[in-house]
Amino acid sequence: MTVLVIIEHDRGNVPEAAFEALTAARQFGLPVEAAVTGEGAADAAASLGAYGAETIHHATADAVGDYSPEAWGQALAGVVEATSPSIVLSVGTDRGNELMAQIAARMDLPFVANCVEVSDDASSMTRSQWGGALHEETTLDADTKLLSFAPHAVEATESAAVGTVVDVAVDVDESLARTMIKDRVVLSEGITLSTAPVVVSGGRAVGSEEAFAPLEELAGELGGKVGCSRAVTNNGWRPHSDQVGQTGTRIAPTIYIASGISGATQHWVGAMGSKNILAINTDPEANMVVKAGWAVLGDLHEVIPAITEEVRKRKG
Ligand SMILES: Cc1cc2nc3c(=O)[nH]c(=O)nc-3n(C[C@H](O)[C@H](O)[C@H](O)COP(=O)(O)OP(=O)(O)OC[C@H]3O[C@@H](n4cnc5c(N)ncnc54)[C@H](O)[C@@H]3O)c2cc1C
């Protein structure tokens with residue numbers, strides 16, 4: 001009996017989500033194995049032992065190259081068939097869930113997505129629905145149990161294993177590569193909202209595009225990124241790529257500073273993975289103030305520059 005972790009990567013670059021999946025796999029007390037395929041898979045495989053993958057199955061086929069959900073799904077289903085694990089899992093990113101769904105459909109197996117807690121034998125779980133607003137108790141009855149963990153449900157931690165890579169030749173028909181990447185557009189360089197250690201967000205109360213400058217300054221001092229609420233993107237003050245929430249980015253920084261944001265459910269589900277939350281708001285009863293670990297009751301236009309000044313003073 002083994003747990004097989006489906007590894008998503010982009011031309012060999014492995015996202016934190018894959019390490020979360022390997023960490024989550026260790027909770028079952030079974031040998032942890034991993035499956036990779038596609039362009040750059042050998043590079044991706046090299047980083048997996050450090051997170052507990054004892055054996056890494058590299059699915060090879062001529063028709064498998066850059067990411068293609070159908071071709072990768074077929075190749076990874078080939079590894080599941082060849083290794084007969086009792087549990088197969090990923091993290092429920094767009095790509096993680098897409099690959100799991102491809103495997104499930106090809107093998108006619110049930111798949112439970114976005115779990116936040118899973119029993120020791122993976123026969124029952126709690127999963128996150130409707131952007132985190134609903135937790136659903138689910139049971140899973142199958143010889144091979146397919147599931148994904150919600151992003152940030154588990155924190156990635158290292159656990160050195162030898163990480164032996166084994167090539168597995170799989171059958172993938174060229175006609176399967178129907179969805180392919182033709183071009184990539186880089187929207188932001190360096191750290192992104194989802195990986196930033198600090199996010200300084202502004203809501204409707206910021207008031208304008210220009211008024212985000214003090215938030216940019218504070219984020220710069222703290223080595224973080226600026227985020228915002230949907231009221232802000234609706235007003236055209238910031239791009240959608242900066243939006244935190246159900247229809248934006250889910251973040252998990254060490255520090256989240258939410259200024260002038262009421263903390264509507266749709267915003268909260270994107271922010272609740274943050275390790276520490278500081279709310280800055282004039283309303284002591286705002287949802288964000290009530291839920292945050294720390295709050296400053298005051299006008300963000302005064303509080304944000306005051307924090308920046310204090311940070312600069314302490315940095316000398
Ligand atoms: C299907 C759907 C999906 C959605 N997805 C998202 C999403 O992904 N992300 C998201 O953010 N929203 C989302 N929303 C919108 C969400 O419901 C809220 O409308 C939105 O988050 C409100 O933004 P806000 O907190 O900036 O504004 P408001 O709710 O207007 O809050 C402004 C806050 O600023 C405070 N304030 C006022 N003046 C000051 C001041 N000078 N200093 C400090 N505080 C001050 C007020 O007390 C208030 O708490 C979604 C809605 C729907 C229906």
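Trainee: At what angle do helix α5 (residues 213-221) and helix α9 (residues 300-315) pack?

Mentor: Helices are DSSP runs of H or I with at least four residues, strands are runs of E with at least two, and both are numbered from the N terminus. Axes are lines fitted to C-alpha atoms, for helices over the stretch in contact, and angles run from 0 to 180 degrees between N-to-C directions. The axes of α5 and α9 are 9 Å apart, and the angle is about 25°.

Trainee: So what does that make α5 relative to α9?

Mentor: Under 35 degrees counts as roughly parallel, over 145 as roughly antiparallel, 65 to 115 as roughly perpendicular, and the rest as oblique. The α5 and α9 pair comes in at about 25°. That's why α5 is, relative to α9, roughly parallel.

Trainee: Quick check: what kind of model am I looking at?

Mentor: Residues are numbered from 1 along each chain as its sequence is written. Local features need pLDDT of at least 70, side-chain atom pairs count only at pLDDT 80 or more, and totals for chains, interfaces and linings use all residues, this being a predicted model.

Trainee: Back to that helix pair: is the crossing of α5 and α9 left-handed or right-handed?

Mentor: Look at how the near helix is turned from the far one: anticlockwise by less than a right angle is left-handed, clockwise is right-handed. By that test, the way α5 passes α9 is left-handed.

Trainee: How many nonpolar residues does the contact of α5 with α9 have?

Mentor: Contact means C-beta atoms, placed from the backbone, within 7 Å. P214, L215, E217, L218 and E221 of α5 meet I304, P305, I307, T308, V311 and R312 of α9. Ala, Val, Leu, Ile, Met, Phe, Trp, Tyr, Cys and Pro count as nonpolar, Asp, Glu, Lys and Arg as charged, and the others, Gly among them, as polar. That gives three charged residues, one polar and, for nonpolar, seven.

Trainee: In β13, which residue is the bridge partner of Y256?

Mentor: Strand β12 (residues 255-259) runs parallel to strand β13 (residues 276-281), and five bridges join them. Within β13, the partner of Y256 is I277.

Trainee: Which residue in the turn between β5 and β6 has a positive phi?

Mentor: β5 and strand β6 (residues 124-129) run antiparallel, joined by three bridges, and C115 stands opposite R127. The two strands form a hairpin with five residues between them. The positive phi, about 60°, belongs to A122.

Trainee: Which residue takes a positive phi in the hairpin of β6 and β7?

Mentor: β6 and β7 pair antiparallel over six bridges, with S128 opposite H135. Four residues lie between the strands. The positive phi, near 50°, is taken by W130.

Trainee: What does its crossing angle make α3 relative to α4?

Mentor: The axes of helix α3 (residues 69-83) and helix α4 (residues 94-107) come within 8 Å. They cross at roughly 60°. That's why α3 is, relative to α4, oblique.

Terms used: Two residues are in contact if their C-beta atoms, placed from the backbone, lie within 7 Å. Two strands pair if DSSP finds at least two bridges between them.
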